[in-house]
Amino acid sequence: MRMKAERLLIVAVLAAVAGIALEDRLLEMGRFATLLGAGCLVVAIVLASLRVAHHAEVLASKVGDPYGTMILTLSAVLVEVVVLAIMMTSEASPTLVRDTIYAAVMLDINGILGLAALLGGLKHGEQPYNDDSARTYSVMILTAMGISMIVPEFVPAAKWHYYSAFTIGAMITLYALFLRMQVGVHSYFFSYSYPKAKGEGSVLQDADDQPVLPSILTLIFGIVVIGVLAETMSALLTSGLKGSGAPPAVAAIVVAAISASPEIMTAMRAALANRMQAVVNIALGASLSTVILTVPVMEAIALYTGQPFLMAMSPVQTVMVAITLIVAAINLNDGQTNAIEGMTHFVLFATFVMLSVIGL
């Protein structure tokens, strides 16, 4: 019975095995076959993500906010770090880390939060959440991105390693304090008491009847499968896009989308079930985790190899991040979301996609 329930994950495992076995042959068959293989692996990643999202919901239902969603966001960031590290060893693009973090923030805040608030608002009207969490997440994201992706523009090239070491220490300190706050004395900032309602959603009711340990093990296994799929997919995608004239940010967007794929499904289901606090924890928590955990790991790799990454955002990226965080600060200040607020973020996400298409 459990094997039948995990058939999507089994398909993803088979795709991972096939991808590893056929990778060299696909690379020899030309660009079309390479990109087709990469596309098939992306589909397999989505299938695995569906099961990861389901088991994350089981954990969230069992342990409550913010622990369940924190497990999901940390797992997603782990996948992103692994994929980035693999891609940086094969294709030493100095802007890949910066572009991936930027794309992840746009996808999490404007894409996931925007679409979830839009769909949830159209179904439920105004959706309540704990506004303390939104304010805490927002100021942490602004601080982390400012330190790691805006200030580096003014750091002399000859002294990059000093600032990289400082950035690692600053990110670790910020996240350690935040984590203590999130699971300790201020944990109530990140939780919300949902009223019991008949239409709360069968997914969450079913989750209450499922054991925790199998969900934990399946979630971990699913993240590993996604990582394996992503490794092969990134090799095929990099080869297929080389010399194609595609925008340089495509690879970064794909990496960001891979890491966010489990979060997308969980956030949409939570919004439709009128559980906006889970959406806020997922979208803003994923953005914060991406910046505050990815940066120190990649900066440590840069110090180890002696090859710095270009972390300072471009002017267009800086403006988009500033607009996004200002809009988020205004929208997420009253403890309720609605369809209009969701649409403003989703339009910003569409703008990000358009700018990426035209190469900005």
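Leaving aside neighbours within four places in sequence, which residues is Tyr137 in contact with? The list runs Phe178, Gln182, Phe190, Val280, Asn281, Leu284, Gly285 and Leu288. Keep in mind that this is a predicted model. The rest goes topic by topic, starting with that tyrosine.

**Tyr137 and Asp131, both on α6**

- Tyr137 sits in helix α6, which covers residues 131-150.
- With a relative accessible area of 1%, Tyr137 is buried, because buried means under 20%.
- For a sense of distance, take Leu35: it is 102 residues from Tyr137 along the chain, and the two C-alpha atoms are 37 Å apart.
- Asp131 belongs to helix α6 too.
- Asp131 has a relative accessibility of 21%, so it goes down as partly exposed.
- Not counting residues up to four places away in sequence, Asp131 touches Leu332, Asn333, Asp334 and Gly335.
- Between the C-alpha atoms of Asp131 and Val279 there are 12 Å, with 148 residues separating the pair along the chain.

**The α5/α11 pair**

- Helix α5 (residues 96-124) and helix α11 (residues 276-305) have axes that come within 9 Å and cross at roughly 175°.
- That angle is over 145, so α5 and α11 count as roughly antiparallel.
- On the α5 side, the contact is made by Val97, Ile101, Ala104, Val105, Asp108, Ile109, Ile112, Leu113, Ala116 and Ala117.
- On the α11 side, the residues are Met276, Val279, Ala283, Leu284, Ala286, Ser287, Thr290, Val291, Thr294, Val295 and Met298.
- Sorted by class, the α5 contact with α11 comes to 17 nonpolar, 3 polar and 1 charged residues.

- Val291 is part of helix α11, and is one of the residues that make the contact with α5.
- Relative accessibility for Val291 is 1%, so this valine counts as buried.
- Setting aside neighbours within four places in sequence, Val291 is in contact with Ile101, Val105, Ala144, Met145, Ser148, Met171 and Pro296.
- Val291 and Ala104 are 187 residues apart along the chain, yet their C-alpha atoms are separated by 8.9 Å.

- Asn274 is in the loop between α10 (250-272) and α11.
- At 30% relative accessibility, Asn274 is classed as partly exposed.

**The α2/α9 pair**

- The axes of helix α2 (residues 7-28) and helix α9 (residues 212-241) come within 10 Å, crossing at roughly 25°.
- Angles under 35 degrees count as roughly parallel, so that's the label for α2 and α9.
- The α2/α9 crossing is left-handed.
- From α2, the contact takes in Leu9, Ala12, Val13, Ala15, Ala16, Gly19, Ile20, Glu23, Leu26 and Leu27.
- From α9, the partners are Thr218, Phe221, Gly222, Val225, Val228, Leu229, Thr232, Ala235, Leu236 and Ser239.
- The class breakdown for α2 with α9 is 14 nonpolar, 5 polar and 1 charged residues.

- Glu6 is located in the loop between α1 (2-5) and α2.
- Is Glu6 buried or exposed? Its relative accessibility is 8%, so Glu6 counts as buried.
- The side chains of Glu6 and Arg51 are joined by a polar contact of 3.0 Å.
- Beyond neighbours within four places in sequence, Glu6 is in contact with Arg51, His55 and Thr218. Thr218 also turns up among the α9 residues that make the contact with α2.

**Ser49, on α3**

- Ser49 lies in helix α3, residues 31-63.
- A relative accessible area of 1% makes Ser49 buried.
- The Ser49 side chain reaches the backbone oxygen of Ile45 at 2.7 Å.
- With residues up to four places away in sequence left out, Ser49 touches Ile226, Ser261 and Pro262.

How values were computed
Residues numbered from 1 in each chain as written. Predicted model: local features only at pLDDT ≥ 70, side-chain atom pairs only at ≥ 80, totals over all residues. Heavy atoms only, no water. Axes fitted to C-alpha atoms, helices over the stretch in contact; angles between N-to-C directions. Helix = DSSP H or I, 4+ residues; strand = E, 2+ residues; numbered from the N terminus. Parallel < 35°, antiparallel > 145°, perpendicular 65-115°, else oblique. Left-handed = near helix turned anticlockwise from the far one by under 90°. Contact = heavy atoms within 4.5 Å. Nonpolar A, V, L, I, M, F, W, Y, C, P; charged D, E, K, R; others polar. Buried < 20%, exposed > 50% of the residue type's maximum accessible area, 1.4 Å probe, protein only. Polar contact = N/O pair within 3.5 Å; in protein donor to acceptor, adjacent residues only side chain to side chain.
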